[in-house]
Amino acid sequence: MPQFTTYDGTELAYRIHGEGEPLVCLAGGPMRDAAYLGDLGGLAAHRTLILLDARGTGASAEPADPATYRCDRQVGDVEALRAHLGLDRIDLLGHSAGGNLATLYAAAHPERIRSLVLVTSAGRAVGVETTDEEWDKAVEILADQPWYPEARAALDTIGPDTPLPHVLEIVAPFAYGRWDEAAQEHAAAVQHQMRWEAASAYHGEGAYDPEPTRHALTRLAAPVLVLAGEYDAGPTPAKAAEAASCFPHAELVVLPGAGHFPWVDDADAFVRPVAAFLDPEVRTVTVDGVRLAYRVRGSHDAPPVVLVHGRGENSTTWTHVVEDLAADHRVYAVDLRGHGLSDRPGHYGFDVFRDELGGFLKALGLTGATVVAHSMGAGAACLLAQRQPGLIGRLVLEEPPAFVPLDPPRPPAVRPEGPLGFDWGIVPSTDAQLNAPDPGWHAGLPAITAPTLVLAGGPSSHVPQDHVSSLAARVPDARLVTIEAGHLLHTDRPDAFLAAVREFGL
């Protein structure tokens, strides 16, 4: 493990996981070996995680002065690590008790923070604390779990003389959204990962002075993401919101079904908002309670174009198209629900995507924008254009479904092995609608008033080409262009795709 020397001569170690720009990660516990963070549920696929072993934990040396275990005394360790890494500014993540250290560092060195992520973070540094009574009340959210009565009874055995290792063993079931085998294994590891004698010193007297810290944070210009678990008792989402209000530019995201270790409860649900937040090219907007990620390029005052991907894809499928169109347009490429870095609420369908696309356009003030959409996204855009004719200025439909019943119908799809970049529930939902669409969807095509370009992929496409041509014939102001490319025109023949779109007037 790489090492560096901190301000008082103590040798500290850190682990490196993943690829991409570095993300410095501070463990909680307090004073727990950073090994428990793992790869943060796969976040290492998006960023290089720099996992600091706090002094006296993991591979880091014990300090000569035990008083330096105190949280505020470790701010210098984070600054020494930043200097060691040669970074002018850092992206910093703190979990639980480590969130206090991250907050104190941000208050002391606001100019060194590029972005800050606080994961189920205790708010002692800003004066937001959870009393024992509040914690006891909050865990009642888990009362329907089969293990709850026995675990709740065990809480009553905790007294002032109960050893800390035993306390953590008793409260462990309440720290996870699901007390399953993975959670139990993760919880058990604490017994050999904690620096027990240092844990009580971490929050020791004098560690925090909330009022000056809150004042110092007013100088923090960096964006802050505060993640709370729906089932976490400390902090609860309400407490996390209170702590978030102490930062000038903070966003609160509550992870459904998650506890204090959200990457253990649902790795994908944890990674998506963090990866989106940390990516400078990705922004988010909430539509009907669903957090949507999108990418934007081009001049602010240029005409807007919205790109909508197909099923199983995401905004990155438009990379080549974006580079071209952004020369003279403001280009927005959205991740629809269930795809990419957007939320996966578990409710899908062409009509759902239609309403979501409409909400996206309205939320960003994009009424009258040109919409370029592929396959499933084209189906949603088509339905939106007929329901709200004034919302879309111009419409490009690449290999759209015509919403004519498929004959033969698609058989039940079998989920591929391994992780997917989208929610599999989208497939059966949309297949059912392709097999037996709402009759009004095809009948409503003449209601589309936007000038429309329909792009067909030719005989090598799996989409029936007579369906595509029939759709174009029913839209009053539509023209049909065939590009011999199969279903993926914009990726397999991007130059021909762009030429057609440019000729259409973009």
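Colleague: How many helices and strands are in the protein chain?

Modeller: Helices (H or I, at least four residues) and strands (E, at least two) are DSSP runs, numbered from the N terminus. Here the protein chain has 20 helices and 16 strands. Please keep in mind that this is a predicted model, where local features need pLDDT of at least 70, side-chain atom pairs count only at pLDDT 80 or more, and totals for chains, interfaces and linings use all residues. Residues are numbered from 1 along each chain as its sequence is written, and side-chain values use heavy atoms, with hydrogens and water left out.

Colleague: What does the radius of gyration say about the protein chain?

Modeller: That radius is taken over C-alpha atoms, and the globule rule is 2.2 Å times the number of residues to the power 0.38. For 506 residues, a compact globule would come out near 23 Å, and the protein chain has 26 Å, which agrees. Along the principal axes, the C-alpha atoms fill a box of roughly 80 × 50 × 40 Å.

Colleague: What share of the residues counts as buried?

Modeller: Buried means under 20% relative accessible area, exposed over 50%, and partly exposed in between (1.4 Å probe, protein chains only). In the protein chain, 54% of the 506 residues count as buried.

Colleague: Is threonine 370 buried or exposed, and which residues does threonine 370 touch?

Modeller: Threonine 370 counts as buried because its relative accessibility is 10%. Its place is in strand 13 (residues 369-374). A contact means heavy atoms within 4.5 Å. Leaving aside residues up to four places away in sequence, threonine 370 touches Pro304, Val305, Val306, Arg394 and Leu506. For the protein chain, among contacts between residues at least 6 apart in sequence, 75% join residues at least 24 apart.

Colleague: What is the volume of the largest pocket?

Modeller: The search uses a 1 Å grid over the protein atoms alone: a cavity is a set of points where a 1.4 Å probe fits but cannot get out, a pocket is an open set with protein on both sides within 12 Å along at least five of seven lines, and lining residues have an atom within 4 Å of a point. Grid points are joined across faces, edges and corners, and a volume is the space filled by probe spheres set on the points. The largest pocket has about 1,400 Å³. It is lined by 43 residues, and the closest to its centre are Arg124, Trp135, Val167, Leu168 and Val171. Helix 5 gives the most to this lining, with 4 residues.

Colleague: Which residues are closest to the centre of the second largest pocket?

Modeller: That pocket has a volume of about 510 Å³. Of its 23 lining residues, His46, Val271, Ala275, Gly340 and Leu341 are the closest to the centre. Helix 12 (residues 267-278) gives the most to the lining, with 5 residues.

Colleague: How many cavities of 30 Å³ or more does the structure hold?

Modeller: The structure holds 2 of them. About 100 Å³ of space lies in the largest cavity. Of the 16 residues that line the largest cavity, Leu118, Ser121, Ala122, Gly123 and Ala243 are the closest to its centre. The second largest cavity has about 80 Å³ of space, and its lining includes Leu26, Met31, Arg32 and Tyr202.
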